[in-house]
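This report describes a structure in terms of its fold and its pockets. Please keep the sequence and the model in view while reading.

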Amino acid sequence: MTYNIDDKGYYGEFGGAYIPEMLYPNVEELRQNYLKVMAEPSFKKEFDQLLKDYVGRPSPLYFAKRLSNKYKTKIYLKREDLNHTGAHKINNTIGQILMAQRLGKTRIIAETGAGQHGVATATVCALMGLKCIVYMGEIDIARQAPNVARMKMLGAEVRPALSGSRTLKDATNEAIRDWINNPVNTHYIIGSVVGPHPYPDMVARFQAIVSEEIQWQLNEKEGTTKPDYVVACVGGGSNAAGAFYHYLDDTDVKLIAVEAAGKGIHSGESAATSVLGREGIIHGSKTLLMQTNDGQITEPYSISAGLDYPGVGPMHAHLYTSGRAEFLSITDDEAMKSGLELSQLEGIIPAIESSHALAILEQKKFNADDIVVINLSGRGDKDLQNYIDYFKL
Amino acid sequence: MNRINQKLKKDKKLLSIYFSAGYPNLNDSVSIIQNLEKSGVDMIEIGLPFSDPLADGPTIQASSTQALKNGMTTEILFNQLKDIRNTVSIPLIIMGYFNPMLQYGVEAFCKKCQDIGIDGLIIPDLPVDVYNEQYKATFEKYGLINVFLITPQTSNERINFIDSISEGFIYMVSSASVTGSSSGFGNEQTAYFKRIADMNLKNPQIVGFGISNNETFTQATQFAKGAIIGSAFIKHLLNNPIHKIKDFVNSIKY
């Protein structure tokens with residue numbers, strides 16, 4: 001079995017491009033060009049250079065000694081939190097802005113939930129001098145004020161999504177509508193491995209730098225390119241896609257995807273799509289998604305705005321149904337506790353998204369000689385207010 | 001012969017009206033359909049509401065959201081429509097997004113449509129190639145015409161392909177837009193309408209998006225067989241009782 005995309009844009013039975021005809025030319029233009037553009041030496045050179053000098057790659061692979069002692073296994077943290085703008089999101093936006101330039105686009109749109117992808121998009125638009133419009137749910141705008149300010153300071157226009165639940169799902173709908181209304185000059189930078197083909201594959205390829213680095217960094221430290229486990233949190237799933245990418249077909253390496261259980265998987269306030277979701281179509285691809293029996297998409301919940309999405313990308317749907325990856329769910333409380341623990345054991349304040357990945361250390365037993373790589377997808381500065389409120393700091 | 005094709009044979013410009021089932025009130029659907037037919041509308045698109053409608057503008061999305069709040073479901077709509085053919089004879093089309101149909105079961109959905117007397121489906125996010133490879137046979141088995149969309153950006157090659165697999169009409173989206181976002185047609189759109197008319201497709205074209213009054217209806221049907229009105233009708237429903245539908249239809253056609 002293959003865990004990568006096939007030539008029709010499917011991971012197993014998931015993926016495809018379920019889009020209105022109004023979007024077909026845009027998506028088709030991208031589909032026909034993305035692999036060609038990514039293979040151009042000039043593209044690779046510019047992408048690699050920016051990742052190195054602008055983003056600050058490679059991000060360290062850090063052996064977390066005190067965390068390892070506590071959990072009696074060898075834990076490495078892939079420090080995506082040290083990237084410029086504070087998360088893995090920038091890897092993809094750098095790639096897509098270069099793609100947009102080469103396709104002759106002059107206007108960029110994006111959706112954002114917590115604001116990390118919006119900030120990463122606003123950043124690369126400033127870098128390249130392109131007009132940037134970020135759609136963000138009205139509710140998210142209110143609860144992520146610092147990131148809204150960052151985007152504005154970077155020159156982006158933040159447009160509130162006023163429809164539906166006024167969160168990420170609706171911001172995505174609004175961005176797609178903007179694209180329908182502006183089909184010629186606009187590129188839509190999707191922030192996760194979701195959306196119509198080729199987005200899930202393109203975003204995964206831009207994020208694949210994460211697992212590429214893990215391979216050689218681990219080889220330097222441990223004399224092997226293969227950890228026993230790679231662990232990452234999954235909302236849409238872009239940081240997990242990046243951390244898993246070079247290990248997808250290497251079944252010696254176990255993959256663990258961590259979803260947000262919110263207030264409990266069956267509490268009615270959860271985002272654990274692998275447990276609560278069924279096959280369906282959202283934002284242009286066939287995947288697993290949380291929905292009513294009638295096929296209406298339901299509202300997810302997580303304390304972490306970045307995991308608060310009612311579906312997962314089609315790659316993850318395939319990894320789940322095929323059994324290639326183990327999917328675990330972590331509650332708000334478990335995640336917050338692990339975030340505090342990492343802060344105090346290692347001096348690293350993680351994004352609450354990443355805290356979900358860390359929290360499996362309490363849930364799952366590893367052997368003493370196992371090498372466990374946890375993708376620390378982002379830093380916790382943006383979440384400080386949440387941590388303050390939760391722990392009454 | 002399917003009612004859509006019978007209607008398309010008529011030597012007149014057709015007016016098709018879209019409304020969201022379950023709006024403004026859950027049980028208005030049948031009464032709206034009956035009033036539309038009585039008022040001289042030629043064809044009706046019954047919108048099956050969806051929580052995340054990508055191609056709809058704010059007016060239709062708001063009406064779908066309200067319909068869902070009112071409790072509309074696929075099953076309820078089918079129950080409301082079960083005797084519709086006792087009183088209504090014009091073509092009825094269900095327009096909706098693919099996910100609710102997929103959850104109902106595509107074959108079960110199609111069978112139900114045939115039982116009721118639905119003539120066709122418009123599913124904006126069901127890709128042409130997926131339909132052609134996976135669902136065409138099922139639609140045909142239950143006598144349903146699937147209507148495809150084209151836009152000003154659709155290539156001639158793709159339009160010819162869509163024409164080749166269509167058996168009713170082609171839904172010609174007037175401009176690059178979601179529903180309800182345009183007011184009046186300019187030279188660019190007229191040129192597009194003419195370009196498509198000159199392609200001499202086997203299927204007639206019906207224009208949708210951006211038609212709201214007699215002027216835009218007349219412009220849209222200068223080169224096409226008919227036009228579809230959605231958002232403007234929904235706005236009318238919001239402000240007027242159902243028995244006033246005739247006033248709206250008269251303002252478009254006469």
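## Fold and dimensions of chain B

Chain B contains twelve helices and nine strands, where helices (H or I, at least four residues) and strands (E, at least two) are DSSP runs numbered from the N terminus. Chain B has a radius of gyration, taken over C-alpha atoms, of 17 Å, close to the 18 Å that the globule rule (2.2 Å times the number of residues to the power 0.38) gives for 254 residues, so chain B is as compact as a globular protein of that length. Along the principal axes, the C-alpha atoms of chain B fill a box of roughly 45 × 40 × 35 Å.

This is a predicted model, in which local features need pLDDT of at least 70 and side-chain atom pairs count only at pLDDT 80 or more, while totals for chains, interfaces and linings use all residues. Residues are numbered from 1 along each chain as its sequence is written, chains are lettered from A and ligands numbered from 1 in the order in which they are written, and side-chain values use heavy atoms, with hydrogens and water left out.

Of the 254 residues of chain B, 61% count as buried, meaning under 20% relative accessible area with a 1.4 Å probe and protein chains only. Among the contacts in chain B (heavy atoms within 4.5 Å) with a separation of 6 or more, 75% are between residues 24 or more positions apart.

## The largest pocket

A pocket is an open set of points on a 1 Å grid over the protein atoms alone, where a 1.4 Å probe fits, with protein on both sides within 12 Å along at least five of seven lines; lining residues have an atom within 4 Å of a point. The largest pocket has a volume of about 610 Å³, a volume being the space filled by probe spheres set on the points. Its lining comprises 28 residues, of which A:Ala17, A:Tyr24, B:Pro127, B:Asp129 and B:Val130 lie nearest the centre. Two or more lining residues come from each of helix 1 (24-39) of chain A and helix 7 (128-141), strand 5 (145-147) and helix 8 (156-165) of chain B, and helix 7 of chain B gives the largest share, five residues.

## The second largest pocket

The second largest pocket holds about 310 Å³ of space. Of its 14 lining residues, A:Met38, A:Lys44, A:Phe47, A:Arg205 and A:Glu212 are the closest to the centre. Helix 2 of chain A supplies the largest share of this lining, four residues.

Conventions
Buried means under 20% relative accessible area, exposed over 50%, partly exposed in between (1.4 Å probe, protein chains only).
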